[in-house]
Amino acid sequence: MESAIEKASKDSTPAVSTTGCWDSVDIGGSSSSSSNRLLTALASSGLTQEQQESVERALAYIQELQQTVFKDILDAEKKRREEENKLPLGTVNPGLLAGMDARTLSVISRIYVGSINFELTDEHIHRVFSEFGPVRSVSMSKDPATGRHKGFGFVEYEVPEAAALALETMNGTMLGGRQLKIGRPNNYGTSVAQGFPPPPPERIYVANVNRAIAEDVLREIFAPFGTVVACVLAPDMATRQHRGWGFIEFAEAAAAEQAARDMDRFLLGNLVLRVRLSVVGGPLGEGMAALDSLPEPADGRPQTASGTPVQQTASAGPPQQVVEMAAIVDRSIGAAVDGDQGSNAGGSSIVLLQNVVGGRAEVDDDLAADMASEGVKCGRIAKVVVHVASDHELQQADSGLGEVSIFLQFADADSAQRAIDLFNGRWFAGRQIVAQLYDPDTYRVLTSADTMVYMP
């Protein structure tokens with residue numbers, strides 16, 4: 001036989017969602033009306049006064065829990081989920097900012113790298129592919145017996161534009177004596193590429209930007225292609241510098257297409273710019289302006305400012321304004337690059353090679369001989385000098401030198417020009433060499449005390 005409480009519970013109908021078997025009970029205002037109906041049923045149930053009062057106290061306690069403890073738990077859980085989904089300050093990732101699923105974004109930001117030389121390491125691959133954008137991870141398939149990689153792996157970027165650039169550029173490239181095979185992972189399909197925000201045709205992605213080039217300067221460099229609506233570089237919140245990549249948005253799609261076509265591989269500040277049209281749409285984020293919310297740094301380093309857009313100028317190749325502006329920027333950060341790249345108007349027979357090694361710790365006795373063995377293909381070499389910059393030279397804004405610079409002194413200017421064509425953009429030990437002509441007088445003064453000299 002049913003008790004009075006069981007009968008009253010069956011007769012009352014709590015507010016439960018009927019859209020699913022496991023939906024939760026509504027603990028809002030409808031719960032009080034349910035309690036009232038239950039109390040009314042209890043009054044006619046034949047319970048003693050003491051029993052009814054006990055039930056009423058239990059119901060009152062349940063209501064109190066719903067309004068205090070349970071509410072606090074639900075609010076805390078909601079807040080925790082909001083914090084988990086909150087993007088870090090300074091995020092420049094249109095896909096994430098548009099709410100795109102992180103797993104889908106990861107798939108389209110990942111590439112397969114095959115036919116890797118067995119002597120190359122994860123660090124080599126990371127260094128080579130970081131030219132195209134921020135590398136999140138490099139995973140090489142390892143042989144458990146030998147501990148060596150199997151000749152293939154995966155590179156995952158933070159943004160899909162970097163993956164697209166690497167895929168377009170590196171497939172078939174020779175690295176370590178082997179021709180790389182670049183493709184998409186097996187879990188990448190046409191269905192994955194569908195469903196993310198379409199990219200604005202006015203937006204381009206830029207990577208491998210010299211850290212000394214600020215947002216406003218980059219805006220001015222690209223302004224001759226058309227009105228620049230936005231120029232956003234990803235900030236490093238720890239160093240207060242940008243991370244070398246970002247997005248530029250023009251007022252017109254034609255300007256973006258021309259900039260992507262003409263500025264990819266453009267030498268700026270001793271680094272080769274990588275540029276392409278964007279892949280995913282979404283908000284750009286604040287860029288370097290996010291640093292304004294941080295406390296003022298102790299050393300008083302200035303924040304970046306916005307530049308002034310310039311109207312579009314028709315051009316074939318990078319506009320002259322771009323070349324001139326790039327030359328000014330290069331000189332300001334110590335790069336000896338003129339507006340007419342590839343010519344030897346000054347008749348210099350000195351070639352400067354940079355980015356050959358990562359620093360003085362990587363310099364060995366064979367470095368100069370290795371450069372000479374390649375350089376002799378262009379003509380007779382009188383001398384090769386490995387110059388390790390002093391701290392004073394590195395602090396000078398107009399030195400134009402990295403930590404390690406290699407000078408090839410040729411017998412004539414024509415041989416030096418051929419060496420520029422041979423070395424510039426070529427890969428050596430996981431690094432892309434930057435080659436340029438160098439002033440003979442400056443070279444003689446700079447290397448007069450150097451001891452790492454190779455005479456073929």
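## Salt bridges

Glu374 and Lys377 are joined by a salt bridge in which the closest N and O atoms lie 3.0 Å apart. Lys377 has a relative accessibility of 58% and, with exposed meaning over 50%, counts as exposed. The model is predicted. It holds 14 salt bridges. Salt bridges with shared partners also connect Glu123, Arg127 and Glu362 into one network.

A salt bridge also forms between Glu249 and Arg203, with 2.8 Å between the closest N and O atoms. This pair links distant parts of the chain: Glu249 belongs to strand E9 and Arg203 to strand E7, 46 residues apart. The cut-off for buried is under 20% relative accessible area. Glu249, at 17% relative accessibility, therefore counts as buried, and Arg203 is buried with a relative accessible area of 5%.

The side chains of Glu156 and Arg136 form a salt bridge with an N to O distance of 3.6 Å. Here too distant parts of the chain are linked, with Glu156 in strand E3 (residues 149-157) and Arg136 in strand E2 (residues 135-142), 20 residues apart. Glu156 has 12% relative accessibility, so it counts as buried.

## The four-stranded sheet

Strands E8, E9, E7 and E12 form an open sheet of 4 strands in the order E8-E9-E7-E12, with antiparallel pairing. Its edges are strand E8 (228-236) and strand E12 (274-277), each of which pairs on one side only. From one strand to the next, the twist averages 20°. Strands of a sheet pair through backbone hydrogen bonds, in a parallel or antiparallel sense.

Between strand E7 (residues 203-207) and E12, the antiparallel pairing extends over 4 bridges. Within this pairing, Ile204 has Leu277 of E12 as its bridge partner. Helix H8 (residues 160-170) packs on the sheet and touches E7, strand E9 (241-250) and E12. The direction of H8 makes about 110° with that of E12. Helix H9 (residues 215-222) lies across E7, E8, E9 and E12, and runs at about 145° to E8.

How many of the 7 residues of strand E15 are buried? In E15 (residues 404-410) the number is 6, so the strand is largely enclosed by the rest of the structure.

Strand E13 (residues 350-354) is joined to E15 by 4 bridges, and the two run antiparallel. Val351 has Leu408 in E15 as its bridge partner. Strand E14 (residues 381-388) also runs antiparallel to E15, with 7 bridges joining them. His387 stands opposite Ser405 in E15.

## Helix H3

Helix H3 (residues 49-67) has 19 residues, which at 1.5 Å a residue should span 27 Å. The end C-alpha atoms of H3 are 27 Å apart, in agreement with that expectation.

Which residues of H3 are buried? They are Gln52, Val55, Leu59 and Gln66. Because these residues cover an arc of only 65° around the axis, they lie on the same side of H3. An α-helix has 3.6 residues a turn, so residues three or four places apart point the same way. The face of H3 turned away from its buried side carries exposed residues, namely Gln49, Glu50 and Arg57.

Key
Residues are numbered from 1 along each chain as its sequence is written. This is a predicted model: local features need pLDDT of at least 70, side-chain atom pairs count only at pLDDT 80 or more; totals for chains, interfaces and linings use all residues. Side-chain values use heavy atoms; hydrogens and water are left out. Two strands pair if DSSP finds at least two bridges between them. Axes are lines fitted to C-alpha atoms, for helices over the stretch in contact, and angles run from 0 to 180 degrees between N-to-C directions. Contact means heavy atoms within 4.5 Å. Buried means under 20% relative accessible area, exposed over 50%, partly exposed in between (1.4 Å probe, protein chains only). A salt bridge is a side-chain nitrogen of Lys or Arg within 4 Å of a carboxyl oxygen of Asp or Glu. The expected span of a helix is 1.5 Å times one less than its number of residues. The arc is that of the directions from the helix axis to the C-beta atoms.
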